[in-house]
Amino acid sequence: MKKLQRLKKNKLLVLIVLTYIGMYIFRRDKAITSFDNSMYYVIEMLEIMPVVFVLTLLIETWVPKRVIMNSFGENSGVKGYVFSFLLGSLSAGPIYVAFPVCKMLLRKGASVMNIVIILSAWAVVKVPMLANEAKFLGLKFMGIRWILTVISITIMAYLVSKIMGDSLKVVENTKESSKKILKDSDAHIAIDNKYCIGCGICARLAPDNFKVEGGKATVIDNNCLKEVKVKIDEVIDKCPAQAITYD
Amino acid sequence: MDIFTISLWVITGIAFVVSMKKDKGKTLNSMKMARSMMGNMIGEIIGILFLIGLILTFIPPETIKTVLGQSNAVFSTIIAALVGSITLIPAFVAFPLVGSLVDVGASIVPAVAFLTTLTMVGVVTFPLEKREFGLKFTLARNGLSFVFAVIIAVVMGVLI
């Protein structure tokens with residue numbers, strides 16, 4: 001079962017490997033050329049991949065994101081503008097991870113303009129990603145695209161806030177549809193499956209409580225009393241998608 | 001290794017040492033996370049890298065030049081922006097993919113359009129965004145992102 005899931009998760013890789021094997025049998029020369037062509041990019045990738053991931057996690061560990069989030073208020077201004085860019089570009093994970101974070105900020109009174117900046121910066125302006133882009137497409141390419149993107153995001157955020165007329169209401173979810181609630185004796189840990197990115201951070205920090213199965217985290221033990229609760233609190237704080245809550 | 005990559009390693013190395021000095025436990029924990037994140041993505045990354053080899057072998061550079069080259073810019077840019085909007089591959093692996101196409105003669109205008117919509121416009125995540133922020137906001141943000149992705153691409157084509 002586990003092996004099957006692994007295969008399913010890596011279906012692209014499996015497909016490519018099968019193609020190479022097939023080619024090696026029928027068109028050996030083409031297979032070797034393809035392999036050689038790829039190796040150049042594999043080596044380039046290996047040179048930069050560890051740096052990108054280590055840098056991403058070091059930023060995630062040391063940048064006081066909570067402090068930034070807490071300082072968002074009604075008064076946007078220049079400070080809010082800069083903070084929005086910082087929050088977006090220093091966070092890890094794909095754009096949908098930003099949705100719950102932004103919603104929380106909306107509730108706290110962040111402006112529509114800042115929300116658009118956070119979402120867009122979260123999507124395109126990532127410090128470690130910029131390094132990756134410069135590596136494969138050149139410093140000049142990365143630099144110009146970065147400047148143009150920041151300008152575009154600013155104009156876009158202004159336009160969206162005009163369109164919305166600052167009337168963005170927080171859409172409240174119905175809990176039943178979006179959350180998987182596990183009932184147990186004392187407390188309940190809930191994981192919002194739609195947002196879980198299967199990063200495995202929870203399973204690493206609290207292996208007794210969480211497990212990653214088929215690319216999504218699941219709760220295996222709901223025990224979160226005393227000393228365990230400290231751990232769960234940390235997990236909730238660290239979850240890049242903010243997908244874990246007490247229920 | 002080029003000078004850029006070397007300096008990145010140096011910067012990251014210094015950051016790592018400083019982080020270790022400040023809090024060993026926290027740093028080691030974050031390294032474990034980095035490892036598991038890499039482990040999660042490595043299959044897809046290797047898959048795409050070897051796909052590049054296949055593309056470069058089977059699609060002759062002349063074809064890439066005509067289909068994605070300067071002469072065909074308007075059409076290929078719109079297509080690239082659309083493809084970027086619906087695909088959900090990590091930007092991380094998109095850079096070598098796009099880089100390889102540019103290396104053999106693809107125009108950078110569609111390349112930039114693809115890279116920008118890939119991360120900023122989400123057709124797949126549209127329902128999720130709509131649920132959180134409502135239809136109007138989601139339409140406005142994604143629509144404008146698409147338009148600006150094309151504008152960024154065109155401006156870059158002029159500048160580079």
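What separates the centres of domain 1 of chain A and domain 2 of chain A, taken over C-alpha atoms? The answer is 31 Å. Please keep in mind that this is a predicted model.

**Domains of chain A**
- Chain A is divided into domain 1 (16-61), domain 2 (64-164) and domain 3 (175-246).
- Where domains 1 and 2 of chain A meet, eight residues of domain 1 are in contact with eight residues of domain 2.
- On the domain 1 side of that contact, five residues are nonpolar, one is polar and two are charged.

**Helices 5 and 7 of chain A**
- Helix 5 (residues 77-90) packs against helix 7 at an angle of about 30 degrees, and their axes are 7 Å apart.
- Angles under 35 degrees count as roughly parallel, so helix 5 of chain A is roughly parallel to helix 7 of chain A.
- The crossing of helix 5 of chain A past helix 7 of chain A is right-handed.
- Among the residues that meet are Gly80(A), Tyr81(A) and Phe85(A) from helix 5, and Asn114(A), Ile117(A) and Trp122(A) from helix 7.
- This helix contact has seven nonpolar, six polar and no charged residues.

**Where chain A touches chain B**
- Here 68 residues of chain A are in contact with 65 residues of chain B.
- Elements of chain A giving two or more residues to this side include helix 2 (11-26), helix 3 (28-62) and helix 9 (139-164).
- Helix 3 of chain A gives the most, with 22 residues.
- Sorted by class, the chain A side has 42 nonpolar, 14 polar and twelve charged residues.

Key. Residues are numbered from 1 along each chain as its sequence is written. Chains are lettered from A and ligands numbered from 1 in the order in which they are written. This is a predicted model: local features need pLDDT of at least 70, side-chain atom pairs count only at pLDDT 80 or more; totals for chains, interfaces and linings use all residues. Two residues are in contact if their C-beta atoms, placed from the backbone, lie within 7 Å. Helices (H or I, at least four residues) and strands (E, at least two) are DSSP runs, numbered from the N terminus. Ala, Val, Leu, Ile, Met, Phe, Trp, Tyr, Cys and Pro count as nonpolar, Asp, Glu, Lys and Arg as charged, and the others, Gly among them, as polar. Axes are lines fitted to C-alpha atoms, for helices over the stretch in contact, and angles run from 0 to 180 degrees between N-to-C directions. Angles under 35 degrees count as roughly parallel, over 145 as roughly antiparallel, 65 to 115 as roughly perpendicular and the rest as oblique. A crossing is left-handed if the near helix is turned anticlockwise from the far one by less than a right angle, and right-handed if clockwise. Domain bounds come from an automatic or database domain assignment.
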